[in-house]
Amino acid sequence: MREIKIEESRCSPVAGHQPCIRRNGLPDPWSKKIFPPTRKLMVGGSNPPTGSKITLLWITPDAERICETAMLSCRNLFDNLPFDDLSFNQRLGIVYRGGHFGILEHASASFMIENISRSFTHQHVRHRIGISHAQISMRAVELDKLQTVIPPTIAADPESLDSYLAVWKNIRETYSELRERGISPEDARFIAGAGVQSQVMTTATFRAWIHYLEERLYKGAQWEIRGVAEEIWRQLREYAPNIFDPKWREYWE
Ligand SMILES: Cc1cc2nc3c(=O)[nH]c(=O)nc-3n(C[C@H](O)[C@H](O)[C@H](O)COP(=O)(O)OP(=O)(O)OC[C@H]3O[C@@H](n4cnc5c(N)ncnc54)[C@H](O)[C@@H]3O)c2cc1C
């Protein structure tokens, strides 16, 4: 039987990257050493505006390596092309400056976004491409289980806050009355305002997250979605610091 010689070579000089294993001169990107078994991540939640909580549930293991492998597969990885000698960051320059964004579709991340308003989710779920959402149902979860998100400007003004909370109390009481009269949750929920608490789980490819961040970090974006986008960006940078490095922001699409 022919002996299979496993030879290690560093494909990427980026700190934290594991060496690319080549078997018989061929890459073995599916080696368990490079890609550990999928594991569930529960990275601590966070509290951007109004107590919202954004939790990274899962991210492609060794996400930067898999994107880099996708990129190298577009060139002949098996030959010693000068391309191989470029650092991952230089390669990312080619991705970003050259619009080679398809590479960033090979990794994805899932977030649970809690304690945000229905006003937030209405904007959030407008993102459709390379991104999927699962949002709390107000047919299944009744209004008495939900709170309201209070915008900071209203929270900061005692009179406005009193008015806001009075209306919210009235909404809850009327909802209960409607339910007692036999009105279904799917109809009774019509009384809830855009501030009603919601929850959404979202999975997107890195390319789709970049597009989301490009639109929602913009200073003209609404404060709640901008706060969520800032926190998502912060958490993505912990796991893929090169791909989500702010220096590439000018090339985001
Ligand atoms: C500051 C701000 C203000 C906004 N205000 C409003 C508003 O007042 N009213 C309102 O209705 N919406 C508003 N939006 C929502 C906005 O119009 C988009 O629907 C939302 O941001 C999702 O962006 P997207 O379509 O690029 O994302 P995705 O749906 O994820 O699409 C990603 C990309 O795929 C391509 N694509 C997707 N679908 C098509 C298609 N059918 N044809 C061709 N290309 C396609 C486009 O290149 C698109 O950028 C606002 C968004 C922002 C950021």
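Two strands are taken to pair if DSSP finds at least two bridges between them. By this criterion, β6 and β7 pair in the antiparallel sense over five bridges. Helices (H or I, at least four residues) and strands (E, at least two) are DSSP runs numbered from the N terminus. The structure is a predicted model, in which local features need pLDDT of at least 70 and side-chain atom pairs count only at pLDDT 80 or more, whereas totals for chains, interfaces and linings use all residues. Residues are numbered from 1 along each chain as its sequence is written.

The protein contains eight helices and seven strands. Burial was assigned from C-beta atoms placed from the backbone: a residue is buried if 20 or more other C-beta atoms lie within 10 Å of its own, exposed if 12 or fewer, and partly exposed in between. On this scale, 28% of the 253 residues of the protein count as buried. Two residues are in contact if their C-beta atoms, placed from the backbone, lie within 7 Å. Among contacts between residues at least 6 apart in sequence, 71% join residues at least 24 apart.

Four of the strands form an open sheet in the order β4-β5-β7-β6, with antiparallel pairing. The edge strands, each pairing on one side only, are β4 (53–59) and β6 (131–135). Neighbouring strands of this sheet are turned against each other by 20° on average, direction ignored. For such angles, axes are lines fitted to C-alpha atoms, for helices over the stretch in contact, and angles run from 0 to 180 degrees between N-to-C directions. Strand β5 (residues 108–117) pairs with β4 over six bridges, in the antiparallel sense, and Ala-109 of β5 is the bridge partner of Ile-59. Nine bridges, again antiparallel, link β5 to β7; here the bridge partner of Phe-111 is Thr-202 in β7. In the pairing of β6 with β7, Ser-132 has Thr-203 of β7 as its bridge partner.

Helix α7 (residues 206–216) packs on the sheet, where it touches β5, β6 and β7 (197–205), and its direction makes about 125° with that of β7. This helix is mostly covered, eight of its eleven residues being buried. The buried residues are Phe-206, Arg-207, Ala-208, Trp-209, Ile-210, His-211, Tyr-212 and Arg-216. Their cover includes α1, β5, β6, β7 and α8 (223–239).

The ligand is surrounded by Arg-126, His-127, Arg-128, Ile-129, Ile-131, His-211, Glu-215, Tyr-218, Gly-220 and Ala-221. One of these, His-211, is also among the buried residues of α7. Residues were classed with Ala, Val, Leu, Ile, Met, Phe, Trp, Tyr, Cys and Pro as nonpolar, Asp, Glu, Lys and Arg as charged, and the others, Gly among them, as polar. The shell around the ligand then comprises four nonpolar, three polar and three charged residues.

Helix α5 (residues 158–180) has 23 residues and reaches 33 Å from its first C-alpha to its last, close to the 33 Å expected at 1.5 Å a residue; the expected span is 1.5 Å times one less than the number of residues. The helix is followed by Gly-182, whose phi is positive, near 95°.

Backbone geometry also draws attention to two further positions. Most residues other than glycine have a negative phi, and most peptide bonds are trans. Asp-62, a residue other than glycine, has a positive phi, near 50°. Asp-62 lies in the loop between β4 and α1 (63–74) and is buried, with 20 other C-beta atoms within 10 Å. Asn-115 likewise has a positive phi, near 55°, but lies in strand β5. Asn-115 counts as partly exposed because it has 18 C-beta neighbours inside 10 Å.

Two other sites were examined. Gly-99 is found in the loop between α2 (88–98) and β5, and counts as exposed because it has 10 C-beta neighbours inside 10 Å. Although 154 residues apart in sequence, Gly-99 and Glu-253 are 8.6 Å apart in space, C-alpha to C-alpha. Ala-155 belongs to helix α4 (residues 152–155) and, with 13 C-beta neighbours inside 10 Å, counts as partly exposed. Residues up to four places away in sequence aside, Ala-155 touches Ile-150 and Leu-161.

Note on methods:
A residue is near a molecule or strand if its C-beta atom, placed from the backbone, lies within 6 Å of it.
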